[in-house]
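Subject: Structure for you to look at

Hello,

Here is the structure I said I would pass on. Please open it first, then read the notes below with it on the screen.

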Amino acid sequence: MNSIQKNRLKDQAFKYWGICCTCMGLALLIIFIGDILIDGIQRIDWGFITSLPSRKPEKSGIYTALMGSIWILFFTTIIAFPIGVAAGIYLEEYGKKNKLAGILEINISNLAGVPSIIYGLLGLEVFVRIMNLGASVLAGSLTLSLLILPIVIVATRESIKAVPSSIKDASYALGASKWQTIWYQILPASSGGILTGVILALSRAVGETAPLIVVGALAYVPFAPESPMDEFSVLPIQIFNWISRPQHGFIENAAAAIIILLFITFMMNGIAVYFRNKWQSKWK
Amino acid sequence: MRKIKELVIEKSLLTSALITIAVTIGIILVLSIETFRFFSEVSIIDFFTDTQWTPLFTEKHFGILPLLSGTLLTSFIAIAFALPVGLSISIYLSEYAPKSFRKTIKPLLELLASVPTVVYGFFALVVVTPFLQGIFPNLSGFNSLSAGIVMGIMIIPYISSISEDALHAVPKELREAAFGMGATKLQTAFKVIVPAASSGIIVSIILAISRAIGETMIVAIAAGQQPRLTLDPTVPIETITAYIVQVSLGDVQHGSMEYRTIFAAGITLFVFTFLLNSLSYWIRKKYQEKYE
């Protein structure tokens, strides 16, 4: 075999190795979802969703955790959305050249890489202790808001950047002020991208466990929260709690709750992708 | 009037942006203050040299080494698994795969990164550990091997996606020149494209390491809660993050020694990830300048 043939053979070998690795990644995803479906699907019924947690696995449900997740999601959205979008607008439209903008940019990139559990420690000290909010829905939401802020800011900047400058120029030419241009032209034009980023960030927040455990969210709460100052649990913490119990019934419960959690995250991802595609096609 | 309105709006947008600076300062202050109090009772030399970490026992030792070794061991296993697989995927998708295949596969792989980590923890404990016990009978129920491998699966998309972007961004001319010289795709990929995209690939690896070091739920569920200084992947260990979770689940009094230990452990974690993130930011900036 001459060296050309050898090289061709190596080339083919790598190609199949590459296919192998790619398929392995996908196969793992499938095995993994399949296994959880087998373990948990028969456990899901209306009772499972509407029951309170209990010491007996077959009577336990996810009602309080699910409601907790919804409360957390609601408050995280109303806190992180305006702040993140405002900061993104500032960085992209106002502070592009000054030194402060440079510092802000390095800082945001670094914040995006801080482990989520560190945000938990920040929330524990600042929101729970110093601001005296206790282990409440509000303290948890504030913590998660800080966690997803960098994602929202980056998404906002990217979407604003993608708006053609001709739109901006046309608005200025008609005598609009900077803010009028942003509010009436740039924001509507970039809303699809911003929405995509916000939904992706929220889907991350729904799955977060560690920072909420550190903030003091409980594994067992007898009632669903009724105000932002109430104690709470969320789906991932309920899952974590069930995983750490020895009885087999709880493993089944954990798998069932995971199906619901995955359904929520994948659905949010799907909606985000839908908005992205719709928005991308707008400029073509 | 309009000018005043514009100015007010600009200042309030600026305030929102400044919140991010406040978050960083907040993190550093909170971690430092509690750690400072921690070191008023524990000697800093003990912290770095003691080989035991037992703050929750009656006989207390405060050596960070066992937690650090646990963290590094699980991260190492994760990277050892994810790096070859992730890089192969990125090279295959960028250099070999048909465009349509690449377009469908990439978002699917990225789905792996959007799965909540508590779900991966379940997967490690309930599926991977029993499977590995079939191969290695003396594997404990909690171990760093299965936690590390599952963490590796989680970070594959970080490596494959960012590296693929970097490979894809290499100018077409370089590829065509190599093909023109008679190189195969494999030779072109490894001798021309990968070196040209090396900074992007390095950034992806650093981000993956930083992600692995900070990962919490997988190790808290599947790796155990026994801090020990070992390189043995078959026994239970404890990582920095898992320790913080363990303490947080208990009823910890504010101002107690246990309360301070989680901040001392947290700052160690923060320093590591901060250095890695800064390094990747620096490489990324340098690389951008080189290409423009």
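In chain B, 48% of the 292 residues are buried. Please keep in mind throughout that this is a predicted model.

Chain B in outline

The secondary structure of chain B consists of twelve helices and zero strands. Along the principal axes, its C-alpha atoms fill a box of roughly 75 × 70 × 35 Å. Take the contacts in chain B between residues at least 6 apart in sequence: 73% of them join residues at least 24 apart.

Chain B is split into domain 1 (2-40) and domain 2 (65-291). The C-alpha centres of domain 1 of chain B and domain 2 of chain B are 30 Å apart. Where these domains meet, seven residues of domain 1 of chain B are in contact with seven residues of domain 2 of chain B. On the domain 1 side, the residues divide into three nonpolar, two polar and two charged.

Chain A in outline

Chain A has eleven helices and zero strands. Its C-alpha trace spans about 75 × 70 × 35 Å along the principal axes. Of the 284 residues in chain A, 46% are buried. Among its contacts between residues at least 6 apart in sequence, 76% join residues at least 24 apart.

The domains of chain A are domain 1 (3-43) and domain 2 (48-283). Their C-alpha centres lie 32 Å apart. Six residues from domain 1 of chain A and seven residues from domain 2 of chain A make the contact. The domain 1 side of that contact has three nonpolar, one polar and two charged residues.

Where the chains meet

The contact between the chains takes 66 residues from chain A and 70 residues from chain B. Which element gives the largest share of the chain A side? That is helix α1 (residues 3-40) of chain A, with 18 residues. By class, the chain A side has 43 nonpolar, 15 polar and eight charged residues.

Start with α1(A). At 1.5 Å a residue, its 38 residues should span 56 Å, and the end C-alpha atoms are 55 Å apart, which agrees. The buried residues of α1(A) include A:Phe14, A:Gly18, A:Cys21, A:Thr22 and A:Gly25. Further along, A:Phe32, A:Ile36, A:Asp39 and A:Gly40 are also among the buried residues of α1(A).

Next is helix α3 (residues 63-94) of chain A, which packs with helix α10 (residues 235-243) of chain A at an angle of about 145°, the axes being 7 Å apart. On the α3(A) side the contact is made by A:Ala65, A:Leu66 and A:Ser69, and on the α10(A) side by A:Leu235, A:Ile237 and A:Gln238. Sorted by class, the residues of this contact are four nonpolar, two polar and no charged. The length of α3(A) can be checked too: 32 residues at 1.5 Å a residue should span 46 Å, and the end C-alpha atoms are 45 Å apart, which agrees. There is a kink of about 25° at A:Ala80 in α3(A), shortly before the proline A:Pro82.

A kink of about 35° in α5(A) is centred on A:Gly123. Is α5(A) largely enclosed or exposed? Since 13 of its 15 residues are buried, α5(A) is largely enclosed by the rest of the structure. After α5(A) comes A:Asn132, whose phi is positive, near 60°.

Please locate A:Gly140, which lies in helix α6 (residues 137-161) of chain A. Why does A:Gly140 count as buried? A residue is buried if 20 or more other C-beta atoms lie within 10 Å of its own, and A:Gly140 has 33, so A:Gly140 is buried. Leaving out residues up to four places away in sequence, A:Gly140 touches A:Ile72, A:Leu212, A:Val215, A:Ala217 and A:Phe232.

Regards

Methods
Residues numbered from 1 in each chain as written. Chains lettered and ligands numbered in written order. Predicted model: local features only at pLDDT ≥ 70, side-chain atom pairs only at ≥ 80, totals over all residues. Domains from an automatic or database assignment. Contact = placed C-beta atoms within 7 Å. Nonpolar A, V, L, I, M, F, W, Y, C, P; charged D, E, K, R; others polar. Helix = DSSP H or I, 4+ residues; strand = E, 2+ residues; numbered from the N terminus. Buried ≥ 20, exposed ≤ 12 C-beta atoms within 10 Å, placed from the backbone. Axes fitted to C-alpha atoms, helices over the stretch in contact; angles between N-to-C directions. Bend = angle between axes of the 7 residues up to and from the residue. Expected span 1.5 Å × (residues − 1).
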